[in-house]
Amino acid sequence: MPDGKKILLALKDRKVSEELARFLKEKGLEIASVEDGARALESVLKEPPSFIVIDPYLPIIKGERLFQILKNNPHTSRVPFMFISEAQKDVKGFRIGMDIFVTRPFHWDEIYGKIKHTLASGGRMDASLGDKDLQGRLSHIHLADVIQMLHMNKKEGELSVSSPAGTGSVSMKNGEIFNAVCGRAEREKALFRLLTWKDGTFAFRPAAVESTRKITLTTGNLLMEAMRQMDEYENSKHLFPAPETVLTTNIEVASLPGGLKPVMHEVFNLVKHHPVVRDLVDRSSFPDYEVYRTLASLLTRRLVEEVKGEKREGGREFVPPAQAIKIKEKLISRWSDMLAVNFGKLLIASTAAALTRRFVEASAALPDFFPRLMDEDTAALGRPTGKEARMGEDCLGDLGVLKLYGGMEVVFFSVPTVGGMSPLIKTLSGNVIGLVLLWDSSSEAGIPGLISTRNDVLSRRRVPVMHIHAGDTEPDKAIVKKYRTMLNLKQDDPVFTLTVPRKDNMQGIFQSFFMALLKEDYITGKVYAV
Amino acid sequence: METVKEEPVFKDFSLMDESRKLLENHFYDSAFINEYGRIETARSERYGLSYSVIIIHIESFGGAKTAPGKKELLKFLKAVVSALMKVVRTCDVAGMLEDKRIIVILPHTDYFGSLITIKKIQKALESVSTAGEPRAEIIFAQATYPKDANGFGELVGTAGRRVAGRLKSLWVQLGLEGKLFWETVASLTSGTYGAEAYSTFDTGPDLDLKNSFIQSVNSAILMEIARTPEKRGILYLGVKKVSNDLPFMKDIETAGRTAMKIFVVGTDGSSVPDTKNSTTVALGDHRLEGVYFTFFMNEDAAYAVICRENWGDTHNCFHTSDEFIVEGLITKFQRDYSLQEQL
């Protein structure tokens with residue numbers, strides 16, 4: 001069997017899938033298993049396999065539909081499919097000589113034989129290097145060795161890395177590392193994270209690197225430092241707080257002694273806004289080991305302490321998996337662009353920038369919400385914050401992302417409510433799944449702007465609307481009534497409030513939104529149809 | 001002699017009837033076109049392909065001094081069809097859809113492919129006139145299967161609606177087709193509009209929208225591109241002087257690899273090299289000093305914003321999501337500066 005072939009099993013029967021995976025693994029194949037079409041699509045797009053074994057009747061995206069999508073994608077068009085079904089079925093676009101149809105019952109050896117034969121006969125345009133110089137699997141060669149090799153040969157280009165943990169890249173010029181990116185992290189932090197990956201693939205693409213150098217250490221020193229930090233982390237991890245631990249600060253920032261390292265200042269500030277260790281480590285610009293070591297030091301000095309009895313799962317889903325899958329399923333059925341289903345936009349229209357800021361701050365209570373607004377402490381540290389730094393008075397742009405189970409992201413996107421913005425809203429309303437209207441007791445003059453934005457959005461696509469009073473004082477009943485009248489709300493249309501102390505639970509607000517999204521005939525209408 | 005305002009040519013007889021007299025090979029009648037359209041839909045569905053249709057709508061001869069007669073019209077139609085058949089591929093199928101309307105079915109062609117074909121046809125028809133008179137007002141529209149519709153009839157209907165939309169478009173109303181790029185910019189930024197697809201607004205230190213608003217618009221568009229990097233399209237960012245300090249340069253740099261063609265246009269950009277995502281276009285034209293513009297077009301959306309600098313650090317801006325206007329602005333810009341005509 002050719003080496004390094006990855007087979008994707010997309011079968012709805014978990015037991016059969018597990019048994020088949022075990023059998024094929026024993027035969028030396030690398031196996032990835034998924035149980036629904038959406039996961040299969042995600043997995044394939046992230047890392048195209050050499051062969052796909054699929055059930056035509058998969059949930060969410062049917063196997064046959066997935067076949068049509070992948071067959072038309074230039075990156076996956078040469079991947080052979082094996083359909084396993086109870087009865088023979090006419091599959092549109094079935095490629096005789098390349099794809100296989102197997103009816104139940106079957107023998108494991110029969111499946112293995114067919115896969116082996118197809119792969120041996122070059123069923124897939126496999127390992128075509130194209131414009132890539134070098135590619136392979138991390139299970140065969142460690143990323144540090146790959147970088148070392150590129151360094152020795154003074155290569156210039158981009159090294160892309162993909163693993164179940166995510167994707168990342170390393171830019172190199174003249175054999176030196178210029179920058180690394182891994183999810184939201186960059187520089188040394190990203191590189192050190194990438195170096196911990198043991199499973200996945202890499203590909204080096206030679207190209208001119210024009211970006212400025214962000215990593216100044218030489219490649220040799222950098223790799224040595226990475227290895228040191230990895231070793232140190234392994235040896236001392238029992239001293240570090242667990243990722244789900246919740247922390248709190250004991251003193252004010254101003255009381256911190258002078259002469260502390262920048263990492264100490266940054267971590268201390270981050271505890272205030274992101275008390276869960278996992279979130280904090282993710283948001284810090286310093287390498288993970290340094291952040292953990294700093295946290296341990298702050299805990300020892302009692303500048304920071306653990307909130308007893310409170311543990312928050314950083315990775316837990318706020319929307320239950322079944323609901324998240326239903327949302328995705330609904331969007332798939334409404335949108336023609338299958339790949340666009342990875343994100344949906346929640347438009348935020350507000351009568352004042354301060355209300356938008358308050359809404360984003362309140363949203364930080366949602367697990368897996370990643371705000372993009374620049375907070376004052378981050379600004380005080382003088383660290384570059386990229387796009388989020390420019391989200392200012394104009395109230396246009398990304399505010400944050402809420403990540404749902406199954407890889408879908410809800411992007412919070414602020415839109416201006418001044419007149420004449422219809423063309424812009426139309427252009428940026430692709431994938432819109434909802435609208436939030438923010439107002440407070442003093443914003444009567446801004447309500448017509450909200451109404452106009454709402455009508456603009458709803459005239460193109462029917463989506464749920466959340467009405468939220470985001471002021472700092474309790475809304476007067478008369479004011480709420482007036483708002484209801486001005487917006488022509490129905491009796492059962494809820495108006496939420498962010499005001500302390502009658503602060504509606506943010507999770508409750510969003511649960512209500514997702515319930516409405518699933519219940520009603522929402523997401524109808526084509527945004528761009530003339 | 002007075003200019004003919006109406007459409008006299010279409011009163012007495014139909015182009016549809018006249019088309020039957022054409023001897024052009026492979027130019028078909030509507031019955032064949034409808035049948036072929038159904039077959040093409042079935043084929044595209046079977047093999048998971050896309051195909052497009054282009055409607056060439058001959059609106060009127062409003063610019064002509066005299067109404068062309070039956071003979072001139074037939075000659076005109078022959079010239080149109082002859083020019084058309086020279087630019088379409090052998091696999092494309094052209095024919096008369098209905099009176100005033102020619103249709104071209106483009107197998108295995110996506111949205112951008114059809115736009116390129118429209119450009120080719122437009123160019124080919126530029127020289128076609130009626131007995132030396134100005135050419136007819138011709139409107140083009142396209143629709144792509146399966147993006148715009150699920151069947152041939154629906155697809156033709158979508159393209160038809162786009163023709164109707166274009167006839168009502170500000171582009172036609174202001175007669176911008178015959179103007180140069182900077183004349184068009186002047187026309188658009190000097191008026192006040194408030195329609196759904198196009199409107200005007202002002203930015204300035206004491207206004208609702210600050211001057212930084214345009215930066216936010218550019219950033220939002222670049223975020224949109226980064227979010228769907230596989231979507232093809234074109235983006236022009238016009239500034240006074242191209243420099244690495246421009247706020248959106250970082251967004252372009254961090255956008256990752258995209259299928260979008262991004263051009264940063266300025267009076268001078270010699271010190272700024274092209275990046276993996278963008279190409280610098282230095283035009284050395286002083287008119288760029290008083291105007292910022294952004295032209296964005298992909299298969300889902302089109303947007304253009306033009307801001308003219310005014311007194312007191314304020315800007316008068318025009319923006320639109322009308323694909324006809326955006327496409328027209330891009331085409332004029334490329335033509336007037338002899339840039340490569342692409343979409």
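At the start of H11(B), a side-chain oxygen of Asp322(B) comes to within 2.8 Å of the backbone nitrogen of Phe324(B). That is a polar contact in the sense used here: a pair of N or O atoms within 3.5 Å, where, within protein, one must be able to donate a hydrogen and the other to accept it, and residues adjacent in sequence count only if both atoms are side-chain atoms. Helix and strand names follow DSSP runs numbered from the N terminus, with helices being H or I runs of at least four residues and strands being E runs of at least two.

Before going on, a word on what you're looking at: this is a predicted model, in which local features need pLDDT of at least 70 and side-chain atom pairs count only at pLDDT 80 or more, while totals for chains, interfaces and linings use all residues. Residues are numbered from 1 along each chain as its sequence is written, chains are lettered from A and ligands numbered from 1 in the order in which they are written, and side-chain values use heavy atoms, with hydrogens and water left out.

Back to H11(B). This helix covers residues 323-336 of chain B, and at 1.5 Å a residue its 14 residues should span 20 Å, which agrees with the 20 Å between its end C-alpha atoms; the expected span is 1.5 Å times one less than the number of residues. Twelve of the 14 residues in H11(B) are buried, meaning under 20% relative accessible area, whereas exposed means over 50% and partly exposed is in between (1.4 Å probe, protein chains only). Among the buried ones are Phe324(B), Ile325(B), Leu329(B) and Phe333(B), but also Glu323(B), Glu327(B) and Lys332(B). After the helix comes Ser338(B), with a positive phi near 50°.

Now zoom out to the rest of chain B. Its secondary structure comes to eleven helices and twelve strands, and 56% of its 343 residues are buried. Take the contacts (heavy atoms within 4.5 Å) in chain B between residues at least 6 apart in sequence: 68% of them join residues at least 24 apart.

Tyr145(B) and Pro146(B) are joined by a cis peptide bond, with omega about 5°, and Pro146(B) sits in the loop between strand S5 (137-145) and helix H6 (152-168) of chain B. His108(B) isn't a glycine, yet its phi is positive, about 55°. You'll find His108(B) in the loop between strand S4 (101-106) and helix H5 (111-125) of chain B, and it counts as exposed at 56% relative accessibility.

Where do the two chains meet? In all, 40 residues of chain A are in contact with 48 residues of chain B. The chains bury about 3700 Å² between them, 54% of it on carbon and sulfur atoms; buried area is the accessible area (1.4 Å probe) that two parts lose on being put together, summed over both. Three salt bridges cross the interface, a salt bridge being a side-chain nitrogen of Lys or Arg within 4 Å of a carboxyl oxygen of Asp or Glu. Lys345(A) forms a salt bridge with Glu224(B), their closest N and O atoms 2.7 Å apart. On the chain A side, strand S14 (343-350), strand S17 (409-415) and helix H14 (422-428) each supply at least two residues that touch chain B. The largest share, six residues, comes from H14(A).

Within chain A, look for a network of salt bridges linking Lys189(A), Arg193(A), Asp282(A) and Asp288(A). Lys189(A) and Asp288(A) pair with their closest N and O atoms 3.0 Å apart. Lys189(A) lies in helix H6 (residues 187-194) and Asp288(A) in helix H10 (residues 288-300) of chain A, so this pair ties together parts 99 residues apart in sequence. Lys189(A) is buried at 2% relative accessibility, while Asp288(A) is partly exposed at 22%. Asp288(A) also meets Arg193(A) in a salt bridge at 2.8 Å, N to O.

Chain A has its own backbone spots, too. A cis peptide bond joins Arg104(A) and Pro105(A), with omega about -5°, and Pro105(A) is in the loop between strand S5 (100-103) and helix H4 (108-120) of chain A. Arg302(A), not a glycine, has a positive phi of about 60°; it lies in the loop between H10 and strand S13 (304-311) of chain A and is exposed, with a relative accessible area of 63%.
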